[in-house]
Structures are given as structure tokens and as C-alpha cells.
Amino acid sequence: MTSAAAIPAPLHLPAGGSLRGTVRVPGDKSISHRALLFGAIAEGETRIEGLLPAEDPLSTADCLRAMGVEVSPIEAGQPVLVQGVGLDGLQEPGDVLECGNSGTTMRLMLGLLAGRCGRHFVLSGDRSLRGRPMRRVGEPLAGMGAQIHGRKGGNFAPLAVLGQPLRGTTIYTPVASAQVKSAILLAALTAEGPTTVIEPAQSRDHSERMLRAFGAHLVVGGSAANDVTVTPGPALRGQSVVVPGDISSAAFWLVAAAITPGAELTVENVGLNPSRTGILEVLQQMGAAIEVRHARDVAGEPVGDLHVCHGPLQAFDIGGDLIPRLVDEIPVLAVAACFAEGVSRIRDAEELRVKETDRLAVMARQLGAMGARLEEFADGLAITGPTVLRGTAVDSETDHRVAMSLAVASLVAEGATSLARPEAAAVSYPGFWDDLARLRA
């Protein structure tokens, strides 16, 4: 039984003040995962600079170590070295592969392990992860010959993978999901014949960019706008990878500066991959005073500094193909909507119901407690602004993006806010609370 003393106290977030200065957010979480995974199955050493030293990438690294891959300690400010074992060098682990709270780890591992012939793997995670759907990855992999078993017909972890010979095929994914696509591409590297993935809309393309850099034979847009084909054969070669700042983490500061009177921030070294910049398009649609400075290219990924100031905002209306390009930023966009003139609408975002939490329900519940005027739908939210939010007791409900979004809301609420379970932020941004205190000072 957990003692009361072991439960962290709620975080007191005072009202008032502004934000000024410069901040550099942690490395991109999506790119960090992929650098570790691709480095593990490459030949030779991969050196990763700027890797996100947070809980989710640590889970990926721990799983790889359990299968015989040497990964150096992951510490802030230090390069990470991965000694690759080649496409078929992963060993059968002696225990369950623990994925923690990381859906990316579990879903990409399914693709990585499905073709490791004759080897048996079991993947599990924390309570939240064991309740998140995995059949969306398991079913397309089964079409390639994979054997994946788990609770509720293979939809929930723990999941058992028995490595099999895989066959290349054409797969139409029902949702635009970079995790689903990436799992299939990983499986395709050792399949018999080429594999083509066709999405209903383009999801983030970090896997395609990085696999090409590692030497995979990969073609994008061969027969359809959103298709990717991998032809197996070439060995992957270890690379030097520089991870840019995560735009999903930068989004909290962009919205915070846009809604906080007197605020002016510069977020440095942010990844500006076009498959991830939907947040910038929406903020510009809202009239936010945001500017890209010092645009440049780093290791195949576009990067820049983002300068943003407070100013009046207009309501937004988002849905369709834009959603996969900003799906992780929707919680903090819901906060921005509370301070925009008019009714903001979020549509086609049912994917948020199967994240770390049901983010549509959680944000509706927590912002509602602060006085937001909103309506929840099966696939989104309608939020009427501007609204004066009031400081009150709120809860991250263990979701890192919810924790940081509520912190942003607290900056302009009337009265202090008490945030339960603020430690959830460490999943993607371990230094968030320190950065917030520094920028407010």
C-alpha cells in the first residue's frame, strides 16, 4: 500500500507575472526514439547529440540493452553512443521488455521484433500503457506474417511476439499515425520483398528521413501522395545524429507567450519538419505574433528559432489532414482557444482519446474546472473565448502534456492554481518546471 508521504504534493502555481527571455527545449522525442532504434540495428557506432533524457526514450534504451545492444548512459548534455548489432543481431531477452509509459516504444518495438525469426519477446508497460490499443499495429504486421498475441485479441499488453519470416506487401493504414507507419517500415527492413505503406493523410516523416540517412532503400510518394516503400537488402550504417528541439515541447512556450500580457520569448533550435509544423499554422491563423528566425538545416531536419510576443488572438477551426501534424499540441491549443475571440473548433481528433489519457475528456474536465466555456464531442471540442479562467485545484491525471498545458493556463488565471501530479511532465520535458520559474523571474 502506498503511504500518504510517498504521494507528491500538488504544485502551487501563483497567478500574475509575465514571461521574458530565451529557452531551449529538450530534444525531439520522436527523433530520439528513432535514433536509438535505428542505431541499434545498424552496423557500427551511432553517435546521438541532443537526445531527450526523459522517461520515454530511457524506456526504449532499456529495452535495447535487454536485447544485447550497448547504449551509453543517457545524461543531459552528453552524447549517447549506440553500438549497432545489425539487422538480425537482437538477442532474445531473459525477461519482459518494460516499455514504461511509452506507446512509441511499444508500437515501434512490435515492428522491430516481428521478423526476428525463432526468437520470443514479451512487452509490457505501466497501467496506462497496458490500456492503450496496440491492434492498430498488430493487424498490419499480421498481414506480413507476424505472430503477436495479447489481451483482448492482441489489442492490449502484455504482448507476446514470436519472430517469423515476414513477406512484403501493400498496407493501407486506417489512421494517419507515424507510430503505425514506423512499425511497418521497421518490419519491412527484413521482409521478403518490398513493402508499401499508404496512409489516409501524411503523418510525421522522421522515420523516412532517418532511415534514408542510415542507408535503407526507401522511396516516398511512388504511386500515391502518402505512400512509402521499403525494399529490403542494404545493411544500415551507424550515423552521427543531431536531435533538434521538440516542437511539441516548444508549443507550450509559444502559447504561453501568445496569451500572457507583456510576454516576449525566443525558443531556440526547434525542429521545423513540415510534417510537425501544424501548430505554427494554427497560431498564425489566430493572429499570433510569431516569427521564425535563423532558419537552417541540421542533419537532414529543418531547424529554426521561434520568437513570439503577446497579442490579440482570433478563434481557429481545425480538422482533417492538419490533425496528424499537430495532434500532440491540441491540449495546449485548447488553452489558447480560451483566450481567443470567438468559437474555436477542433474536429477529427478522436485519436486523442487513446493517448496517455483520453486527452479530449481530460482537457474538457480540467479546463472546465477553471471556468472554460467548452463543449466536448466524440472527435473534438468547441471552446468559446475569451474567458477569464480562475485558479483552482486541477490534476494532470498522469499525462505530461496535460500537466504542462494546465501550467500555461495558470499563468493568466485569476488566483493561484494547485496542480496535482505535476511530475508527469518528466515524460517528455524533465526541466519544464525549472524553465518556467526562470522565465517568470
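**Notes on the cores, pocket and salt bridges**

1. Start with Val267: beyond its neighbours within four places in sequence, its contacts are Val23, Val25, Ala250, Trp253, Leu254, Gly304, Asp305 and Leu306. Bear in mind that this is a predicted model.

2. Val267 is also one of the residues with the most contacts inside the largest nonpolar core, along with Trp253, Leu283, Ile318 and Leu367. That core has 77 residues, and helix H9 (residues 247-259) gives the most to it, 11 in number. Another core, of 64 residues, lies apart from it and includes Val69, Ile74, Ile148 and Ile171.

3. Now the largest pocket, at about 690 Å³. It has 39 lining residues, and Ala176, Ser177, Val327, Glu351 and Lys355 are the closest to its centre. By type, the lining splits into 19 charged, 10 polar and 10 nonpolar residues. Helix H1 gives the most, with 4 residues.

4. Glu351 turns up again in a salt bridge with Arg136 (2.6 Å, N to O). The two are 215 residues apart, with Arg136 in helix H5 and Glu351 in the loop between strand E19 and helix H12.

5. The whole structure has 29 salt bridges. In one of them, Lys29 pairs with Asp56, with the closest N and O atoms 3.1 Å apart. Lys29 is in helix H1 and Asp56 in helix H2, so the pair ties together parts 27 residues apart in sequence. Lys29 is buried at 9% relative accessible area, and Asp56 is buried at 2%.

6. Arg359 and Asp399 form a salt bridge too, at 2.8 Å between the closest N and O atoms, and both are buried.

Notes: Residues are numbered from 1 along each chain as its sequence is written. This is a predicted model: local features need pLDDT of at least 70, side-chain atom pairs count only at pLDDT 80 or more; totals for chains, interfaces and linings use all residues. Side-chain values use heavy atoms; hydrogens and water are left out. A nonpolar core is a set of buried Ala, Val, Leu, Ile, Met, Phe, Trp, Tyr and Cys residues joined through side-chain atoms within 4.5 Å. Buried means under 20% relative accessible area, exposed over 50%, partly exposed in between (1.4 Å probe, protein chains only). Contact means heavy atoms within 4.5 Å. On a 1 Å grid over the protein atoms alone, a cavity is a set of points where a 1.4 Å probe fits but cannot get out, and a pocket is an open set with protein on both sides within 12 Å along at least five of seven lines; lining residues have an atom within 4 Å of a point. Grid points are joined across faces, edges and corners, and a volume is the space filled by probe spheres set on the points. Ala, Val, Leu, Ile, Met, Phe, Trp, Tyr, Cys and Pro count as nonpolar, Asp, Glu, Lys and Arg as charged, and the others, Gly among them, as polar. A salt bridge is a side-chain nitrogen of Lys or Arg within 4 Å of a carboxyl oxygen of Asp or Glu.
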